[in-house]
Amino acid sequence: MDMKFNAQAEEFRAKVRLFVQDNLPDDIRMKVSEEEMILPREMMQRWHHALYKQGWGCPSWPKEHGGAGWSDEQHYLFEREIALCDAPRPIPYGVVMLAPCLIEYGSKAQQEKFLPGILTGEQLWCQGFSEPNAGSDLASLKCKAELATDDSGDHYVINGSKTWTSDAHVADWMFGLFRTDSSGRKQQGITFLMIDMKSEGVTISPLENYEGTHEVNQVFFDNVRVPVDNRVGIENEGWGVAKYLLGLERFGTAEVGRSLASLGRLKTLAQTVSVGSGSLLDDSDFMNEVARAEIALRALEVTEQRFLFGPGGSQSMGAEASMLKVRGTEIQQDILELAHQALGYHAHAQIDVISTESAYNPAAIAPKAIAKAHYNFRKTSIYAGSNEIQKTIIAKAVLGL
Amino acid sequence: MDMKFNAQAEEFRAKVRLFVQDNLPDDIRMKVSEEEMILPREMMQRWHHALYKQGWGCPSWPKEHGGAGWSDEQHYLFEREIALCDAPRPIPYGVVMLAPCLIEYGSKAQQEKFLPGILTGEQLWCQGFSEPNAGSDLASLKCKAELATDDSGDHYVINGSKTWTSDAHVADWMFGLFRTDSSGRKQQGITFLMIDMKSEGVTISPLENYEGTHEVNQVFFDNVRVPVDNRVGIENEGWGVAKYLLGLERFGTAEVGRSLASLGRLKTLAQTVSVGSGSLLDDSDFMNEVARAEIALRALEVTEQRFLFGPGGSQSMGAEASMLKVRGTEIQQDILELAHQALGYHAHAQIDVISTESAYNPAAIAPKAIAKAHYNFRKTSIYAGSNEIQKTIIAKAVLGL
Amino acid sequence: MNFTFSEEQNLFRDSIRRYLEETYPFENRAKTLQHPNGYSEELWQSLAELGWLALPFAEEYDGLGGSAIDSMIVMEEIGRALLVSPILSTVLLSGQLIANAGTESQKYDLIPQIGAGKLKLALAFAEPDAGYDLAQVATSATKEGNGYRLNGAKCVVFNAQSADIIIVVARTSGHANAQEGLSLFLLDPTMDGLNLKNYRTHDGGCASDIILDDLFLPDKALLGDIGMAYPHLQRVVDQAAVALCAEASGAMWAICEQSGAYFKTREQFGQNLGSFQALQHRLVDVYMKCQLSQSLVYDAVCALDDQDLPKGQNDFLKNADGVTKTCANKTLAQKVSQKVSAAKYHVGMDARSVGQEGIQFHGGMGMMTELPIGHYYKRITMINATFGDPRYHLKRYRDLMYQPINSAA
Amino acid sequence: MNFTFSEEQNLFRDSIRRYLEETYPFENRAKTLQHPNGYSEELWQSLAELGWLALPFAEEYDGLGGSAIDSMIVMEEIGRALLVSPILSTVLLSGQLIANAGTESQKYDLIPQIGAGKLKLALAFAEPDAGYDLAQVATSATKEGNGYRLNGAKCVVFNAQSADIIIVVARTSGHANAQEGLSLFLLDPTMDGLNLKNYRTHDGGCASDIILDDLFLPDKALLGDIGMAYPHLQRVVDQAAVALCAEASGAMWAICEQSGAYFKTREQFGQNLGSFQALQHRLVDVYMKCQLSQSLVYDAVCALDDQDLPKGQNDFLKNADGVTKTCANKTLAQKVSQKVSAAKYHVGMDARSVGQEGIQFHGGMGMMTELPIGHYYKRITMINATFGDPRYHLKRYRDLMYQPINSAA
């Protein structure tokens, strides 16, 4: 047992850190340090392009498709350094989710058509899974795809809607699950399709979060035509593809790197907020909370490392990974809530800078961003399989209940 | 709305307080202040007799049976003062549980035979409900009573066992639920019987708690004869009697008075435990916990008062009462755990007095008793309907889920 | 002991709820918030007509002589309806401060106008570097000729931009966090040299940061006695803190009810959400928190009402042991403060947790702006950041704690 | 980075578990505890034969040169098996203190005997009024002729009654809570004037309170250097605290497994307990606590092993920013202490909660002495009351916290 990285790994870590320092534009860094999860399209592409030029655009892919051929340690250190340096996480839907599915289930033609655009970052994707009546119970989805044939060939006709679709308003393409057969068990009769968002009949209706941000959308399909060539895998067997994909999604959901960066900002904030003649550092009750959060985060960090670098390596990680999602989001929420509490009366303001000279100077992060992040991150325990679903997965798959 | 007691009530309160001060023997007070829940038979009877002489032995009974004819306020203040003065709570099984059932469901002959012994405290009772395979799921009980007739008349023959029976080793009689018919729903076919503990075929096997006390027992029945005259209510309809009884049991389970007394001891303890040149009072982290417990207890106390003295009075209290049991036991456990923590290294000792002169002087309560109480009170969230069962009751009956 | 509301109080609550349901349904709220101040003048005049603005004041100042219980009823319904208005700043803070600290002529002059909806006020007490400590006041007022010169900065002055008068807490003597030496000044917001930075708050309201840069005020601007403001301020803020607890309690019950309703209709895996035991038990926890917090609101409200009894009639301390008559008032005030902090701590912790559970229970829908759930959570968060968060009040309670026990009712 | 145990370590763990299952099954434990010291001499000799007593010591003192990881493996299995023995007092406290602070001749004299099971020791460090602060030592040792005169009181000296030597921490200079001026003395428990009050502890062990009343000890009783004991003591207690965390972790996993097994067999309402979702999610919480606490045990254990590397080979601080070479050792020690406190806090909190859930999950059976569940809870409670409870260690961590971050692996 050895909790240190070897010299080569440390060298690699330094290289990544240097790269980010030299290549991450300040405006993007600022957005990320303000805990923005979803960046404007232009920023996503600008940063992805910088990585792509370095050969790090889609490092987790197999080498023959443009991946970096890294070891588990390198992947881990790359994601960690990226987050610690306030760089955006990889664009999730195309790079992390769809591409591995195409490589596993897609035809050669599909791989050739879609992977290059994802690799360069030219084409952005969104994910069409959730529906108004299919949230945690994903398999009960109803959005219909009917096979039809006309002059232009075989195609599916889609009717219905998808909801809580992140990035639908910036994406070029959507991959998603659609109902092609309702006769059997609900997991049967689901087909995995890729849809051009510019298709006729696609309407994107923005949804506003309670804290005022626009991240997700409802997407309506009115007789939208999708060529059969855009089907991944076999008709009615999309649930298998989805399960493969959801297995991928669990990795990295601990978001330890991001939380370490947030915690660093919280600790700076505590030094910055003045109370009487001192600062929040003098408030032992508040500092207890910070200490508690830091310890909890360290426990999660080592747990993730144990799962990744234990016997069998990351390949052997099963449903245990669900606990990384649960604790990861709880700790994220805790840190951002503490930051908001640290502001005291300044927690009220929906503006970026407090006007007075003597007023609190928020160093790297503005009160408005802290509050917004606190509110916004309540979503993290809901999305990507709610924490309740994750616990049920652990109960069944790990504890055998 | 008015949260004060009127002058008459205050006068009554003073009278109770004075009575307890004058009449509670020191040895009994000491046992109660050491958080002992189950006292030796002799002590129970000695204290009950003092109350009985005052006319307060069974105050909640109807006046014609020897009750005190008090108002809700008087009952409340009586129980509260009793607890605050470290007097034992009323003997539960005969006085609080069986007697109301006999008054509601029993025959005149049964009332005349059994109530006087309970009123004077001469006869002590225990409750035979739980069985090894019928805990939370009480109605699944199996201990069998078969009707038989011989020369000496109609009687039931009992075979099987009851478990976790408090006081079985000091009781003269047991009331309990027995299976007289297995053909219908499990709630049907249950009969409520009273059994002389000296009957042939009754064996009492003591059970030891993990902290070393003997409070509960397993009681075995080997062809035990019970005259049909000892049946309360109708054969196979004992579940209704039990439900009536369990409704009574919910009152007072908040145990606010006892917890206030325990909290008072905890606060004294914090002053007494010296740490370096000061005391635990200087430890703001510990005092936060004490403050938190005190506030939580006050919230519970007012909640109980609201339920008792709100619109409709105590009669209108329904399943809401389950929350008094849940929070009451959680707070009890919290206070006793804090007391044990306050002892620091002295928490280890299984002796009553630390030997050294300069050692911590525990004022009213010994380290050994604190530790024992901490361990022992873990039972309170399990017994009398586990807190999980109580939550399910609230979910169904109050929230309509 | 009696927890039954009077018939008048029940009718009063019904009328408030009906009024808010009709004129302030949640569906229209987002539009109402678009007013520059977050509320409409018509709404304010209606509140005056309904008597809400005159409620807590004595009848000699055209008030209705309502009790803390009456105010609690209003605030619980405001919490449920998510009403944004300057009631807190005008009535509960400024109006009460005038009623407590003002001279008779100031009371006769100002309070009737407040009750009639003709005068709106704001109270500038918080300072950028002060945390939640009311005595931490760096803003100075220096005697100069027939007036005072004020210098300093105030922050998060609720509803300052729509106020006719701003009451400023300033230090006329004493060191930076002394309770002695604080004074109150009435300020015309339109006067020269006053610098207001206005902004919206996360819960839909308005506030301002204010710079006082060598501002000269005449002697008559002084509210009440010089240097004696602190006890009045503390008392009024304690009252207002309890009112916010009542508002939070109203929000909590609404979240509990709406979550229960959602559980009964929303299906997942072929069952109502409400049939999942893990969710059942968590909603029970929410329900228990609503009940327990409600109890501490009552406890604090009744303590405030008892404290308000005319001298001599106060029998609140009747059963306290060993308290001499002379220190009875101080002990009483301390007991009230302790109950206020108990409520603000407990309600704050529970409301936060209930708000978070409410969002979680609603899943993706809980994050949407068109449901009230998230807006309750924002309001609860802002209530916690006003007059001290739960941590602050636990500390305050802890510091007041070492009293003889067993004496409370 | 690698969390795989070596093949030797896996075999070592298997052999320990098998040995304890065979010789120390829970069914016989109550009887074993009836020995006056809570363990039998045969058991102790077996542990010596198995090499557990020589495990952590250097080979030059006939030790096995085991790492902190090796000790962790032993302690996890001890936690699971609820073994009561003087390993903590003899090996982890006294033996390690001799190895750290003793002179070479003291080491050669004593450590081989410990490893061979021929010598049992106890460490008298706690004092009745000291809380958990190791530097709070009122017991005095005053120089007098060719020796020292000791006065004072020590409490909760584990296994003092069966010890051949008691090491006493006493103050030779400095004020009551100074880290400077602490010294160690080797004491023969049978000597005249020594007053031991022996008692059993709640977890089945033994301890004594000791009065030192004008006790004279010759110069040679001094262990190591005069006045220099504190850093050694702190380090050894930190190591021992981590060992107790490993023991608690072993107990936690056992509770989790036994609760899961109970859930699968115990029926209520016609279903296995494990089919109730509320219980499922709570067992998942228990499982997560086991995992998270285990992680912090590993974190602390690896930090201890890194610290133990010979000078110059230590690359633990490689990535720390702005730490000059000169203060590297002190910073390293502080970092280790922080990891120890993180583990002791987190494991303590989680073990407590897991222990309580374990009892609750088992219902009435959880309270019974014939099940291990309650005994795990007692042991966990006693572990929390040794070397500082979770509150103490959170405070210690908090006070050490303000370091540059982002530098850890």
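Me: Which residues does Trp52(C) touch, not counting residues up to four places away in sequence?

Reply: Contact means heavy atoms within 4.5 Å, and by that criterion Trp52(C) touches Phe12(C), Ile16(C), Tyr19(C), Leu20(C), Leu47(C), Val74(C), Ile78(C), Leu83(C) and Ile87(C). This is a predicted model, in which local features need pLDDT of at least 70 and side-chain atom pairs count only at pLDDT 80 or more, while totals for chains, interfaces and linings use all residues. Side-chain values use heavy atoms, with hydrogens and water left out, residues are numbered from 1 along each chain as its sequence is written, and chains are lettered from A and ligands numbered from 1 in the order in which they are written.

Me: Which residues touch the most other members of the largest nonpolar core?

Reply: A nonpolar core is a set of buried Ala, Val, Leu, Ile, Met, Phe, Trp, Tyr and Cys residues joined through side-chain atoms within 4.5 Å, where buried means under 20% relative accessible area with a 1.4 Å probe and protein chains only. The largest such core has 471 residues, and Trp52(C) and Trp52(D) touch the most other members.

Me: How many residues of H4(C) are buried, and what caps its N-terminal end?

Reply: Helices are DSSP runs of H or I with at least four residues, numbered from the N terminus. In helix H4 (residues 68-81) of chain C, 13 of the 14 residues are buried. The expected span is 1.5 Å times one less than the number of residues, which gives 20 Å for H4(C), in agreement with the 20 Å between its end C-alpha atoms. Ser67(C) caps the N-terminal end, with a side-chain oxygen 3.2 Å from the backbone nitrogen of Ile69(C), and just after H4(C), Leu82(C) takes a positive phi of about 55°.

Me: Where is the kink in helix H5 of chain C centred?

Reply: The bend at a residue is the angle between axes fitted to the seven residues ending there and the seven starting there. In H5(C) (residues 87-101) the kink is about 25° and is centred on Gly95(C), and 13 of the 15 residues of this helix are buried.

Me: Is Gln294(C) buried or exposed?

Reply: Gln294(C), which lies in helix H8 (residues 277-307) of chain C, is buried, with a relative accessible area of 7%. Leaving aside neighbours within four places in sequence, Gln294(C) is in contact with Arg306(B), Glu76(C), Ser249(C) and Trp253(C).

Methods. Buried means under 20% relative accessible area, exposed over 50%, partly exposed in between (1.4 Å probe, protein chains only). Helices (H or I, at least four residues) and strands (E, at least two) are DSSP runs, numbered from the N terminus. A polar contact is a pair of N or O atoms within 3.5 Å; within protein, one must be able to donate a hydrogen and the other to accept it, and residues adjacent in sequence count only if both atoms are side-chain atoms.
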